[in-house]
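Okay, thanks for making time, everyone. I'd like to walk you through one structure today, so let me put it up on the screen.

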Amino acid sequence: MAKFATLLLLAAVRLVIALPAYDSLVGLSERDVNDYIARHGVAHIPNPPLPLADGGIKLVNDPAHPFIAAGPNDIRGPCPALNTLASHGYLPRNGVARPDQIVTAVMEGLNLGNDFAKFLVYQAFLMNGNPITNLMSIGMKTPETGPNPPKPAQVGGLSQHGTFEGDTSMTRVDAYFGDQAVFNEDLFQGFIATSAKYGVNGTYDVNAAAELRYQRLQDSIKTNPQLVYTSPRILSAYSEAVFPTIFFVDGRLNNRQLTIDAARHFFDFQMMPADFHRQPAPVNFTMVDPLTKAIFDKHPFTPGVNHGKNNFVLQPKTPALSDFCGIYEDIVLRVIPGQYPRPTGALREAINKNLGFLYTAVKTEHNCAQVFPFGKD
Ligand code: HEM
């Protein structure tokens with residue numbers, strides 16, 4: 001008994017000693033980062049690009065943007081659109097880019113509206129990019145994005161599972177089963193079969209999108225014991241299901257029916273079809289939201305996570321897909337502080353600047369109230 005009491009006492013003393021040691025470790029890495037910033041400064045952060053001066057239809061697979069397959073040192077990731085834009089030189093071909101470059105690339109190359117582009121890019125950058133160097137990888141983590149802020153910041157690139165990247169992708173396996181960023185032919189065969197069964201003339205249209213989205217969720221519920229299907233993943237999962245029916249269809253036709261040949265080009269070859277023209281006008285939330293709602297209405301779901309295979313536990317506290325501002329707040333108040341619990345100095349300023357850019361994207365069309373995880377200045 002006396003021995004046990006001594007052990008307990010020892011454990012308590014260790015804990016008291018351990019706590020300040022842990023604190024000072026955290027302080028040390030922050031100090032390292034601050035030293036780095038003091039020596040090199042934080043990268044200049046350009047303002048987000050303005051809407052295109054000429055947002056009309058345009059040949060985008062043009063001689064100024066030739067397709068060149070990614071080389072061994074070029075990074076590609078889970079997003080067929082960004083992979084393709086990098087392979088055509090709308091983005092740096094090595095796959096490492098500043099957020100403002102990505103906004104410009106998706107506006108120029110695919111005619112995303114300015115707000116819509118900023119929403120996708122700045123949320124991704126805050127979850128996956130490096131706020132010190134203002135660089136993000138469109139795929140795996142890489143030293144090319146420079147010295148990292150202190151952990152728990154991940155700076156994992158777009159392939160980082162559990163941030164923007166998540167489960168039930170259409171052409172990528174869930175991280176539980178393997179590489180979540182790489183194109184998977186078996187899943188693409190499912191994409192083709194679903195389009196053949198439900199889409200007009202075998203195309204991937206809104207009906208095929210609704211069925212494929214539903215099937216991918218049902219499949220992950222059955223097979224992936226670690227499935228996570230909550231905010232913010234639910235929003236990207238639904239948006240990404242409709243994006244190809246809009247942005248991968250040639251703007252001259254613009255019938256929301258993606259041929260399998262064009263899908264093969266973007267998803268697999270990371271290449272625009274020959275003579276490809278972008279959308280005839282910038283595409284904003286007003287155009288995308290009704291389509292995501294339409295595919296949701298065909299197969300409504302409640303967000304949840306698997307506790308083991310085929311045991312989908314609903315998560316009533318996560319915002320629903322229809323609660324756009326709730327998802328914006330969840331990203332800003334929960335997901336980002338999860339990686340940056342107490343940012344200080346220049347790091348905090350850089351994050352706040354990017355949070356401000358993100359807010360400009362949700363202000364007009366969705367009229368969300370701004371939230372401030374790290375103070376207002
Ligand atoms: C503008 C900035 C964009 C960013 C930062 C971005 C990022 C991402 C990320 C991280 C994923 C992986 C999600 C996952 O499946 O786990 C993804 C998937 C995807 N993205 Fe993008 N994306 C952007 C724009 C676009 C655009 C303009 C399109 C137009 C078609 C697009 C189409 C897709 C599709 C279809 C997928 C799903 C792939 C699949 O499920 O197999 N993205 N994107």
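Let's begin with C79, which sits in the loop between α1 (2-40) and α2. One thing to keep in mind throughout: what you're looking at is a predicted model. As for accessibility, C79 comes out partly exposed, with a relative accessible area of 26%.

On the annotation side, UniProt has an unreviewed entry that lists residues 63-293 under "domain: Heme haloperoxidase family profile". That span is 44% helix and 3% strand, and its end C-alpha atoms lie 38 Å apart.

Next up, helix α3. This one runs over residues 99-110, so to speak a 12-residue helix, and from first C-alpha to last it reaches 16 Å, close to the 16 Å expected at 1.5 Å a residue. Is it enclosed or open? With 9 of its 12 residues buried, α3 is largely enclosed by the rest of the structure. The buried set is P99, D100, I102, V103, A105, V106, M107, G109 and L110. And what covers them? The cover includes the helices α2 (80-87), α4 (114-128), α7 (233-247) and α8 (260-269), along with strands β1 (96-97) and β2 (136-137).

N134, in the loop between α4 and β2, has a phi near 60°, a positive value in a residue other than glycine. Then there's N254, in the loop between α7 and α8, also not a glycine, with a positive phi of about 50°. Buried or partly exposed, these two? N134 is buried, at a relative accessible area of 1%, while N254 is partly exposed at 26%.

If you care about omega, there are a couple of cis peptide bonds to look at. One goes from K151 to P152, with omega near 10°, and P152 belongs to the loop between β2 and α5 (185-198). Another joins S231 and P232, where omega is about 0°; P232 is in the loop between β3 (228-229) and α7.

Now for the packing. In soluble globular proteins, nonpolar side chains tend to be buried together. Here the largest nonpolar core has 93 residues, and the members touching the most others are L85, Y204 and F247. Helix α4 gives the largest share of this core, 10 residues. Take Y204 as an example: leaving aside neighbours within four places in sequence, its contacts include M170, F191, L212, A241, P244 and R256.

Last stop, the disulfide. How many are there in the whole structure? A search finds 1, and it joins C325 to C368, S to S 2.1 Å. The torsion about that S-S bond is about -85°, so the disulfide is left-handed. C325 lies in helix α10 (residues 324-339) and C368 in the segment after α11 (345-363), so the pair ties together parts that are 43 residues apart in sequence. C368 is buried too, with a relative accessible area of 3%.

That's my tour; happy to go back to any of it.

Notes: Residues numbered from 1 in each chain as written. Predicted model: local features only at pLDDT ≥ 70, side-chain atom pairs only at ≥ 80, totals over all residues. Heavy atoms only, no water. Helix = DSSP H or I, 4+ residues; strand = E, 2+ residues; numbered from the N terminus. Expected span 1.5 Å × (residues − 1). Buried < 20%, exposed > 50% of the residue type's maximum accessible area, 1.4 Å probe, protein only. Contact = heavy atoms within 4.5 Å. UniProt positions renumbered as here; feature names shortened; annotations may be inferred. Core = buried A, V, L, I, M, F, W, Y, C linked by side-chain atoms within 4.5 Å. Disulfide = S-S within 2.5 Å.
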